[in-house]
Each structure stands twice: as C-alpha cells, then as structure tokens.
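Here are some exercises to work through with the model open in your viewer. Try each task before you read its solution.

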Amino acid sequence: MAREYNLKPAIIDGAVSNDAESSYINRRQFLRYGFNTATGVLAASLGVLGFASILLPPGGSNAGDLGVVYWAKGREDEAWYGAKHLQLMTKTDFVEEAAKSNTGTAGAAGIWNGVPVVVNYVNHSENKDTPESSGLARFQFMEGIDETGKTIGHFEDLSDADPRIFPSENLVMIFGRCTHLCCIPGWQLVSNSFTEDSWTPGGGDDGGTKLFCICHSSRFDPTALEMNTNRNRSNGATFNYAGIRKAGGPAPVGLPLIPIQLNGDVIEGITDYIDWYTYCD
Ligand code: FES
C-alpha cells in the first residue's frame, strides 16, 4: 500500500477539509497539487521557460526580471501565500509570516527563471544571539561532507570567495529538485515531525523546520549551510556548491542555494552558479 502523508489541510471540492481521514494523501494524489513532478510545475506555470532558461543571461534591470514568484497551485486556500500565487515574492511577506512562527522562520514554494525553488526566511539577525536551547532558528555555517562521508570544505570557503553566497536579508533560496531522484521538496506542505514549527541546532534530523521530499522522505535543513559536491548528469563533471544540509532520507547530499539579492523589496535570484543545478535533467 502506498505510503500516505498528512496534507495540511486537504482541499476537497474547493473547500478546506477538517476531516482527519480525508486529509491524507499518497504520492500519486500529491502530484495533483502540482508540486512534485519534475516537469509539471514547470510546464504548468511558465511553459516555455524550463530549465534551459537559467542558461540565458539575465533579462535586464527592472524589478521582476530575475524575481521569484510564489507557487501555490492547489493550495490557494490554505498556504499562507496562497492568495499570492504567481505574484513576486517580497521580503516583507516573509518577515510578517516569520513573526507568527515559534522559530522565527517562514518558507514558500516558488518559481524562479522556470525552475522550482523554496525560499526560506530565518530571523538570523535577531535569533543568533539567543541561546540555542531557545528553539529560535538561526543560520549555521558548517563543514560539508560528500556522499561517502568525507569532509570536503566549509560553507565559508565559498562565501568568502563570493560574499553574495552568504545569506542576505535573512533569506536563502534553495533549488527545489531533490538530489535523490529529482522530485520537488516542499516547505510545510505535509504535516509530520520533520515539518512542524520547531528547530534544533546541529543540522541533524531532530526537530522540524525541514524541507521534506514526499517521494521517499528525504529531509533537508534550510538553516544548516555547508559546502557540498555533486555531478553534472550530462557530462559527469563534479562540482562543489554552497547548499543546505541533508538531514535524513535517501538523498545523497544536500540541496544547492541560489544566491539572492533584493531589488527594492522584491527577492531576485542571481544566475552565476548554473552548474550547481545540473544534477537533474
Ligand atoms: S526524490 Fe526526494 S527522496 Fe526520493
């Protein structure tokens, strides 16, 4: 029998259901929500763009050319950003949402340049000076390991070389393709102990606030930033990248970051590190 997950909450015939039994979905049903198929989210949203579009130079200097838009298809009535589906993401939105959380975090699924992303706000600037036992999330800058467990380098080796890689404005943007089999992990899309509004330090599998890949249950900690390594699927070339740590599950390594900048209040991605996103077709 297919494994089932608790969707929070389910939408049945256009209405939000509080029926516990009907709020469970399996992976096949999950596809209907538009988040977890390698091509569906791309084709359904921006059609002609697709992955190849990030190989193109930036579109210009106007706000929005490199902007990230919310993706809430099928969850318009219950995701905090549901009413903003396909609107540009702004820092202010995330700051306001994070103020409602226990951990000082907020996350949202989006589309950037035709590829799926997750943007996370972590109130690092305020929370970093509190005791870790407070449960208030903050970014952690860590040594990374490859899939064999070998240490390969520190996040700051990369951010020192290019400060744009360092989280700016308490925000990170994460490439939304799982390093296991390229499904699209979500932010608090399903309800379980990995996705609840709680945080523990160390980049391990305890606590919530994880990106969760429903396909085979891989977990990624968006507060644990490290160097990692992966391979270009087409030519086999290996590359190091700045990313978030894999906390658990079958994924071999963590997910890459997409460095961001603000254009006014609008969150934009920087296109300089496209090699980092070549491990999926
Ligand atoms: S594709 Fe993500 S866990 Fe398998």
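The exercises below go from the whole chain to a sheet, a helix and a single loop residue.

This is a predicted model, in which local features need pLDDT of at least 70 and side-chain atom pairs count only at pLDDT 80 or more, while totals for chains, interfaces and linings use all residues. Residues are numbered from 1 along each chain as its sequence is written.

**Exercise 1. Find where pLDDT stays under 50.**

Step 1: Begin with pLDDT, the predictor's confidence in each residue, from 0 to 100. Its mean over the protein is 83, and 77% of residues reach 70 or more.

Step 2: Decide how to treat them. Where pLDDT is low, the predicted coordinates should not be read in detail.

**Exercise 2. Work out the strand order and pairing of the open sheet formed by four strands.**

Step 1: Strands (E, at least two residues) and helices (H or I, at least four) are DSSP runs numbered from the N terminus. The protein has five helices and 17 strands.

Step 2: Two strands pair if DSSP finds at least two bridges between them. β5 (68-70) and β10 are the edge strands, each pairing on one side only. From one strand to the next, the twist averages 40°.

Step 3: Look inside the sheet. β6 and β7 share eight bridges in the antiparallel sense, and T105 stands opposite V122 in β7.

**Exercise 3. Explain which way the buried residues of α3 face.**

Step 1: In α3 (residues 91-98), D93, F94 and A98 qualify.

Step 2: These residues are on the same side of α3 because they cover an arc of only 120° around the axis, taken from the directions from the axis to the C-beta atoms.

Step 3: Find their partners. The buried residues of α3 pack against β6 (105-112), β7 (115-122) and β10 (171-175).

**Exercise 4. Is L66 buried or exposed?**

Step 1: Locate L66 in the loop between α2 (40-45) and β5.

Step 2: Count neighbours. L66 counts as buried because it has 21 C-beta neighbours inside 10 Å.

Step 3: L66 and I270 are 204 residues apart in sequence, yet 7.4 Å apart in space, C-alpha to C-alpha.

Technical notes
Buried ≥ 20, exposed ≤ 12 C-beta atoms within 10 Å, placed from the backbone. Contact = placed C-beta atoms within 7 Å. Axes fitted to C-alpha atoms, helices over the stretch in contact; angles between N-to-C directions.
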